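These notebook entries record what I looked up in one protein model. I began with the fold as a whole and then turned to particular helices and residues.

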Amino acid sequence: MPNVPAASALPRRDQIRREAARLFAARGFLGVGVDEIGKAVGISGPGLYRHFAGKDAMLADLLINISERLLDEGRRRAGGGEGPAATLDALISGHVDFALDDRDLITLHDRELLNLKEEDRRTVRRLQRGYVELWVDVVRQAYPPLADPAAEPVARAAVHAVFGLINSTPHSLGSSPDQGERAALQRDGMAALLHALAHGAFAAAAASTGAPADGSVPADGSVSVEGSVPADGSVPADGSVPADGSASAGA
């Protein structure tokens, strides 16, 4: 029998997206040819042009779609009206889930932006800025010391650091997310760890401002760091933090 991939319930365009993302993530955009993507979905390379104008268009479609998904889901979670701490928890969980469950896409999102055409790169940058601003706003509400205007650069740096941490997880896991019970346990453990580390980073950022956890300043002008992240960097085992943004060493 001919060596043709098994039939997929996905529409052909989505099959192409999936295989292009897999190949680009594995070998880099410049290391993959149109014919290889066509072979992966069981059609000729030229047949791909009925769905995409070319390889550049595939990459643009993938990266713009990723950025739109992250921003739309972030806005949905931020609009839940459950308070800053719960909203930040939801944002972290959403980004962690995306990084762990769509590992090919997060790899592209992290490293292939420079291979886009200028117009497409501007579109992705605009969407990414919206996503970052959403996080910065929520983080500054969840951790009152970061709400001070002077602390805004600290909050922004912490958000970018947390993105870097979470986005690096595809390089820390096995080659496939579908390897049975052992991989599922690994995935759950990694999700819990990333959630805790993200909160630890934000708590450390808040503590670095030297302000109290509630953002207030005593009448005598002194500054207390009570309620800030402990010296050992510990956070509760479930990764959560109290509504005032402080972290507890007792977990």
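**Entry 1: overall make-up**

Read from the N terminus, the elements run α-α-α-α-α-α-α-α.

I noted the ground rules next. This is a predicted model, in which local features need pLDDT of at least 70 and side-chain atom pairs count only at pLDDT 80 or more, while totals for chains, interfaces and linings use all residues. Residues are numbered from 1 along each chain as its sequence is written, and side-chain values use heavy atoms, with hydrogens and water left out.

I then looked up burial. Of the 251 residues in the protein, 43% are buried; buried means under 20% relative accessible area, exposed over 50%, and partly exposed in between (1.4 Å probe, protein chains only). I also checked the contacts, meaning heavy atoms within 4.5 Å. Among contacts with a separation of 6 or more, 68% join residues 24 or more positions apart.

**Entry 2: confidence**

I read the pLDDT, the predictor's confidence in each residue, from 0 to 100. Its mean over the protein is 81, and 75% of the residues reach 70 or more. Residues 1-7 have pLDDT below 50, and this stretch makes 5 contacts in the model beyond near neighbours in sequence. Residues 217-251 also have pLDDT below 50, and that stretch makes 53 such contacts beyond near neighbours in sequence.

**Entry 3: α4 against α6**

Two packed helices are described by the angle between their axes and the distance between the axes. I found helix α4 (residues 84-101) packed on α6 at an angle of about 140°, with the axes 8 Å apart. Axes are lines fitted to C-alpha atoms, for helices over the stretch in contact, and angles run from 0 to 180 degrees between N-to-C directions. The angle makes α4 oblique to α6, because angles under 35 degrees count as roughly parallel, over 145 as roughly antiparallel, 65 to 115 as roughly perpendicular and the rest as oblique.

I listed the residues that meet: P84, A85, T87, L88, L91, I92 and H95 in α4, with Y131, L134, W135, V138, V139, Q141 and A142 in α6. By class, this contact has 11 nonpolar, 3 polar and no charged residues. Ala, Val, Leu, Ile, Met, Phe, Trp, Tyr, Cys and Pro count as nonpolar, Asp, Glu, Lys and Arg as charged, and the others, Gly among them, as polar.

**Entry 4: α4 against α7**

I found α4 and α7 at an angle of about 30°, with their axes 9 Å apart. The two helices are therefore roughly parallel to each other. H95, V96 and A99 of α4 make the contact with F163, I166 and N167 of α7. The contact of α4 with α7 comprises 4 nonpolar, 2 polar and no charged residues.

**Entry 5: two single residues**

Is N167 buried or exposed? N167 lies in helix α7 and counts as buried, because its relative accessibility is 6%. Leaving out residues up to four places away in sequence, N167 touches H95, I106, H109 and D110.

I looked up A150 last, in the loop between α6 and α7 (152-167). A150 is exposed, with a relative accessible area of 65%. The C-alpha atoms of A150 and T209 are separated by 9.0 Å, and the two residues are 59 residues apart along the chain.

Terms used:
Helices (H or I, at least four residues) and strands (E, at least two) are DSSP runs, numbered from the N terminus.
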